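Please look over the sequence and the model below before reading on. The report that goes with them is written for a reader new to protein structure.

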Amino acid sequence: MQAFSTRSLAIAVAIFATTLAVAPASAGGQIGAESCASSRTVSQIIKRFAWAERRTWHRGYEIVALHAPRFRYNVLIGPTAIRHTHCAATAEMSNGARRKVYYVIAESMGFASIGTGIDFCLPALDPWRV
């Protein structure tokens, strides 16, 4: 019975590995890297953090600017092939603190699947560890 469980796990891992393709960052082949630093992406993160701060957290500070936005990697997931560009930056907060911010730009994931969707997280300020 143990051999069956180990084999099943190995098959499941192999299937998962074939449906997840990670494109490594290379000097010339960073597809989507320019979107990490785009003014639209940066302004959307700043606006959405401000909205969440006013509506939820009430801590009294917001993101003033994002510094050194950088490309991390791209991911194509499963048969839908929705490209996710993973990025990181340093957020300058209105209280003077600097925090790491990680964000994902997903193609065709905007409103009604038009445009891009952006999800972000400041791990030091995320009490739910999302």
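## The model and its elements

This is a predicted model, in which local features need pLDDT of at least 70 and side-chain atom pairs count only at pLDDT 80 or more, while totals for chains, interfaces and linings use all residues. Residues are numbered from 1 along each chain as its sequence is written, and side-chain values use heavy atoms, with hydrogens and water left out.

The protein chain has three helices and five strands, where helices (H or I, at least four residues) and strands (E, at least two) are DSSP runs numbered from the N terminus. Read from the N terminus, the order of these elements is α-β-α-α-β-β-β-β. Of the 130 residues in the protein chain, 28% are buried, a word that here stands for under 20% relative accessible area, with exposed meaning over 50% and partly exposed in between (1.4 Å probe, protein chains only).

## Helix α3

The helix α3 has 19 residues and spans 25 Å from its first C-alpha to its last, close to the 27 Å expected at 1.5 Å a residue; the expected span is 1.5 Å times one less than the number of residues. After α3 comes H58, whose phi is positive, near 55°.

The buried residues of α3 are T41, V42, I45, F49, A50, A52 and E53. They lie on the same side of α3 because they cover an arc of only 165° around the axis, the arc being that of the directions from the helix axis to the C-beta atoms. On the other side of α3, S39, K47 and R55 are exposed.

## The largest nonpolar core

A nonpolar core is a set of buried Ala, Val, Leu, Ile, Met, Phe, Trp, Tyr and Cys residues joined through side-chain atoms within 4.5 Å. The largest such core holds 18 residues, of which I63, L66, A91, M93, Y103 and L122 touch the most other members. At least two residues of this core come from each of α3, β2 (63-77), β3 and β4, and β3 supplies the largest share, four residues.

## The largest pocket

A pocket is an open set of points on a 1 Å grid over the protein atoms alone, where a 1.4 Å probe fits and protein lies on both sides within 12 Å along at least five of seven lines; lining residues have an atom within 4 Å of a point. The largest pocket is lined by 20 residues, and F120, C121, L122, D126 and V130 lie nearest its centre. Two or more lining residues come from each of α3 (39-57), β3 (82-93), β4 (98-107) and β5 (116-121), and α3 gives the most, with five residues.
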